[in-house]
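Biologist: I would like to learn how to read a model of this kind, feature by feature. Please give me the general idea where there is one, then the case at hand.

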Amino acid sequence: MKAVAKLAGCPSPFLRPERIVTDIQISAGWMHSGYPIMAQLKSVKELIQVDYMKSAGVWGPTHELGHNQQKEMWEFPPHTGEATCNLWSVYIHETVLHIPREKAHGDLKPEMREERIKAYINGGAKLENWSVWTCLETYLQSIPHRVMTKEEKMNLWAEKFSQEVKMNLIPFFKTWGWPIEDRLAMKLSSLPTWDKNPMKNYI
């Protein structure tokens, strides 16, 4: 759950608990997200048997926990609904259980991924076909494999924020003591000054 919160950018523990209830009959499928997450009774071993978790993984539960973290702001319906939730599955398997993605789920084997990409591109890269595993592939390819430092993340945030609003926000962030790099300050120096900077009286 700490890993779920970390990837979601949320404080841990969550303000409300994530509960998983198993039963012999649920409203949809093998598992479904919500509060609580519901799962078939036969899936209990994925939730309580640590040895099983470490060997076979917990794709189903982490998939549903991922669903609970999805936010409308960064989803692209109907494409990403069953895709971005799997970012949590991949992340938890690799960082917590130390199970590589290709072993965590058969659809993430290198040959399967390669075949899927080729089929999508050869089919004309049509957006209506960008869903589930094909969609997830886009995210897996674009997310850096190395962990960024706090300083790097703060500089990236300041850069993207400035570019989005088309104003130089560097003086604002520097006033707050952010570790802004000189190269970034130079890069954004051509952007207009933020006249309504609420911190300019403190500079």
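Biologist: Where is the place of Pro36?

Modeller: Bear in mind that this is a predicted model. Pro36 is in the loop between strand S2 (31–32) and strand S3 (37–40).

Biologist: What is the peptide bond from Tyr35 to Pro36, and what is its omega?

Modeller: The general idea comes before the case. Most residues other than glycine have a negative phi, and most peptide bonds are trans. The bond from Tyr35 to Pro36 is cis, with omega near 10 degrees. The bond from Pro77 to Pro78 is also cis, and its omega is near 0 degrees. Pro78 lies in the loop between H4 and H5.

Biologist: Which phi does His98 have?

Modeller: His98 is not a glycine, yet its phi is positive, about 55 degrees. This histidine lies in the loop between H5 and helix H6 (101–104). His98 counts as exposed because its relative accessibility is 63%, and the cut-off for exposed is over 50%. Ala125 also has a positive phi, near 45 degrees. Ala125 is in the loop between H7 and H8 and is partly exposed, with a relative accessible area of 39%.

Biologist: Now the overall layout. How many helices and strands are there in the protein chain?

Modeller: The protein chain has 11 helices and 3 strands. Read from the N terminus, the order is α-β-β-β-α-α-α-α-α-α-α-α-α-α.

Biologist: What radius of gyration does the protein chain have?

Modeller: The value is 21 Å, whereas a compact globule of 203 residues would have one near 17 Å. Along the principal axes, the C-alpha atoms fill a box of roughly 65 × 45 × 30 Å. Buried residues make up 36% of the 203 residues. Of the contacts with a separation of 6 or more, 49% are between residues 24 or more positions apart.

Biologist: How should I read a helix in terms of burial? Why is H4 largely enclosed by the rest of the structure?

Modeller: Start with the geometry. An α-helix has 3.6 residues a turn, so residues three or four places apart point the same way. In H4, 10 of the 11 residues are buried, so this helix is largely enclosed by the rest of the structure. Among them are Trp59, Thr62, Leu65 and Gln69.

Biologist: Which residues have the most contacts inside the largest nonpolar core?

Modeller: They are Trp59, Leu87, Leu108, Leu136 and Leu140, in a core of 23 residues. Helix H1 (2–8), helix H4 (59–69), helix H5 (86–95) and helix H8 (132–142) each supply at least two residues of this core. The largest share, 5 residues, comes from H8. A second, separate core has 10 residues, including Ala158, Ala185, Leu188 and Met199.

Biologist: Which residues does Trp59 touch, not counting residues up to four places away in sequence?

Modeller: With those neighbours left out, its contacts include Glu46, Asn86, Leu108 and Trp133. Trp133 lies in helix H8 and is buried, with a relative accessible area of 17%. Trp133 and Thr84 are 49 residues apart in sequence and 9.5 Å apart in space, C-alpha to C-alpha.

Biologist: Is Arg116 buried or exposed?

Modeller: Arg116 is buried, because its relative accessible area is 16% and the cut-off for buried is under 20%. Arg116 is in helix H7 (residues 110–122). Leaving aside neighbours within four places in sequence, Arg116 is in contact with Asp107, Leu108, Trp133, Thr134 and Glu137.

Biologist: Last, the pockets. What volume does the second largest pocket have?

Modeller: Its volume is about 300 Å³. The second largest pocket is lined by 15 residues, with Met1, Met53, Val58, Thr62 and Leu65 nearest its centre. By class, the lining has 12 nonpolar, 1 polar and 2 charged residues.

Biologist: Which helix gives the most to that lining?

Modeller: H4 gives the most, with 3 residues. H1, helix H2 (45–48) and H4 each supply at least two residues of the lining.

Note on methods
Residues numbered from 1 in each chain as written. Predicted model: local features only at pLDDT ≥ 70, side-chain atom pairs only at ≥ 80, totals over all residues. Heavy atoms only, no water. Core = buried A, V, L, I, M, F, W, Y, C linked by side-chain atoms within 4.5 Å. Buried < 20%, exposed > 50% of the residue type's maximum accessible area, 1.4 Å probe, protein only. Helix = DSSP H or I, 4+ residues; strand = E, 2+ residues; numbered from the N terminus. Contact = heavy atoms within 4.5 Å. 1 Å grid on protein atoms, 1.4 Å probe; cavity = no way out; pocket = protein on both sides within 12 Å on 5 of 7 lines; lining within 4 Å. Points joined across faces, edges and corners; volume = space filled by probe spheres on them. Nonpolar A, V, L, I, M, F, W, Y, C, P; charged D, E, K, R; others polar. Rg over C-alpha atoms; globule rule 2.2 N^0.38 Å.
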